[in-house]
Amino acid sequence: MSMTKLGVIAGMALGFAGYFGGFGAFLVVAALAAAGFFAGRYLDGELEPGEFFRPRERGDRQR
């Protein structure tokens, strides 16, 4: 499945949650979608948990 199709499905899910469940349901669906996204990236091997916790070296700084 392409990222475009996945984005459309996620947008529709968030829209339905916001319309039928209100803003609280929208936030719950958005938080669970983000958690699923990061879990999927980790399981695919594209995300290492240590990337968030190790300090940057001086050469790695972005401007």
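Close-up 1. Let us start with Phe-26, which counts as partly exposed, at 30% relative accessibility. Keep in mind that this is a predicted model. Phe-23 counts as exposed, with a relative accessibility of 59%. To see why the two get different labels, recall that exposed means over 50% and buried means under 20%, with partly exposed in between. Both residues belong to helix α1, where they sit 3 residues apart, or about one turn of the helix.

Close-up 2. A pair of aromatic rings is described by two things, the distance of the centres and the angle of the planes. By the rule that centres must lie within 6.5 Å, the count comes to 4 aromatic pairs. In one of them, the ring centres of Phe-16 and Phe-20 are 6.0 Å apart and the planes meet at 10°, so this pair is stacked. Stacked requires planes under 30 degrees apart. The rings of Phe-23 and Phe-26 are stacked as well, with centres 6.0 Å apart and planes at 25°. Now return to Phe-16 and Phe-20: they are 4 residues apart in helix α1 (residues 3-43), and so about one helical turn separates them. Phe-20 is exposed, its relative accessible area being 63%.

**Close-up 3. The kink in helix α1.** How many helices and strands does the protein chain have? There is 1 helix and there are 0 strands. Look for Gly-21, on which a kink of about 145° in α1 is centred. A straight helix of 41 residues would span 60 Å at 1.5 Å a residue, yet the end C-alpha atoms of α1 are only 17 Å apart. Just after α1 comes Gly-45, which takes a positive phi of about 85°.

Close-up 4. Which residues make the nonpolar surface patch of about 680 Å²? They are Met-1, Met-3, Leu-6, Ile-9, Phe-37 and Phe-38. You will find Met-1 in the segment before α1, and it counts as exposed at 75% relative accessibility.

**Close-up 5. The surface of the protein chain.** Stepping back, the accessible surface of the protein chain comes to about 5800 Å². Carbon and sulfur atoms account for 63% of that surface. Of the 63 residues in the protein chain, 3% are buried.

How values were computed. Residues numbered from 1 in each chain as written. Predicted model: local features only at pLDDT ≥ 70, side-chain atom pairs only at ≥ 80, totals over all residues. Heavy atoms only, no water. Phe/Tyr/Trp six-rings, centres within 6.5 Å; stacked < 30°, edge-to-face > 60°. Helix = DSSP H or I, 4+ residues; strand = E, 2+ residues; numbered from the N terminus. Buried < 20%, exposed > 50% of the residue type's maximum accessible area, 1.4 Å probe, protein only. Patch = residues over 30% accessible without salt bridge, like charges linked within 9 Å, V, L, I, M, F, W, Y side chains within 5 Å. Areas by Shrake-Rupley, 256 points an atom, 1.4 Å probe, with all protein chains shown as cover. Salt bridge = Lys/Arg side-chain N within 4 Å of Asp/Glu carboxyl O. Expected span 1.5 Å × (residues − 1). Bend = angle between axes of the 7 residues up to and from the residue.
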